Amino acid sequence: MADLRVTYVQPALPKYRAPVFRELAARPGVDFTLFYGQAKGITNVPPDGFRGESRPMRQYGSETNDLRWHHAQVACAGDPSIDVLCLSGGPRYLSLPLALRRARRRGLPTILWGHGYSKAETRLRRLVRNQYFGMATALLFYDEATRLRAIDDGFRPEQVYAAPNAIDQSPIEAARRAWLDEPQRLADFRRRHGLEGKRQLVYISRMAPANRLDLLVEAVASLAGRWPTLTVAIIGNGDAERRRLERLASERGVGDRLRFLGAIYDEQQLAPWCLTSDLFVYPANIGLSLLHAFGYGLPVITSDKREAQNPEIIALEDGRNGLLYQDGSPDALAAAIDRLLADDTLRGRLAAAAKQTVEQGYNVPAMVDGMMAAIEYCAHQRR
């Protein structure tokens, strides 16, 4: 039997997504092709281990609130050489209705893949989104909660799938092992950066107002007396936000406790900062950084306003692999940090569960399993 010809059309090819497509292309019986655009604010990487080709995409509006026309969606919907077509799903794609109607006319099964919700959800947005969803053969989301919500909205269970969003943990594990296998090297790193005897929090992501690092500064200021050696390593770009945070830290008297390290992309360079930290703190709007932290066995503290977080928040179980604090409250954030710093047993238990979470469920093979389930359903519909 010939391989199933599966084509994905995506707005970009970021580094973290390439291992997913590589895994999908390696699955038996799949002939995989990717067409990708150039989304604002995202750096594309070359296809590696799979067939991929860049196709122009127009964007209208800002980086975070835009409308898109991706002609590749429409072109692929009319391509007779494709057996299953997966498109990015959502009302921002002006090209999507035309592509879905074209695919339906010629009997090409389609998958709509995406978040499936908005952080600023309204009844009207949900209705419009469901109109798009109703034109597809199958729906594919990043988490089980969104899958169940779609079923509640009237979509058939057999056409709705979840592929838990994941990052490739192998570079993280390789870097982690390389440093842990050389304890003297890690001790030298501590000494070189003045971390001996210190308690350290770490944050890794772009610095943006939505991530509420100001709450972390306030929390550190309130904990300064109780934890005189407490420091914070902030890893990520964002010059304007950095200046704002530096002013706030100076006003609160904790300017010397924050270490701004800029962006670090090399996992071998990131690893020692994670391995010398006690906790990963991301006050709000957390996404894939959650799974990055879990890969190092770091418990995560973030906001309890789950609906305002990204889909990866579903991997955090309060009290099992991390803690949730009352959204917007620096006092509640400080209390959560204090609780874990003071309780080595609890922190160790959460750390072990964090590592177990990505090993057992939130990894690239598990994500591709979910994608394959949707693809196989579509293939059956075509037959």
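Tutor: Start with Arg126, which has 28% relative accessibility and so counts as partly exposed. That class lies between buried, under 20% relative accessible area, and exposed, over 50% (1.4 Å probe, protein chains only). This is a predicted model: local features need pLDDT of at least 70, side-chain atom pairs pLDDT 80 or more, while totals for chains, interfaces and linings use all residues. Residues are numbered from 1 along each chain as its sequence is written, and side-chain values use heavy atoms, without hydrogens and water.

Student: With which residue does Asp153 form a salt bridge?

Tutor: A salt bridge puts a side-chain nitrogen of Lys or Arg within 4 Å of a carboxyl oxygen of Asp or Glu. For Asp153, the closest N and O atoms of the pair are 3.0 Å apart. The partner is Arg126.

Student: How many residues apart are Asp153 and Arg126?

Tutor: Arg126 sits in helix H4 (residues 123-133). Asp153 lies in the loop between helix H5 (144-152) and strand S9 (160-162). Helices (H or I, at least four residues) and strands (E, at least two) are DSSP runs, numbered from the N terminus. The pair links distant parts of the chain, 27 residues apart.

Student: Are Arg68 and Asp66 buried or exposed?

Tutor: Arg68 forms a salt bridge with Asp66, with the closest N and O atoms 3.0 Å apart. Both Arg68 and Asp66 are buried.

Student: How many salt bridges does a search of the whole structure find?

Tutor: Another one pairs Glu218 with Arg252, the closest N and O atoms being 2.9 Å apart. The search of the whole structure finds 27.
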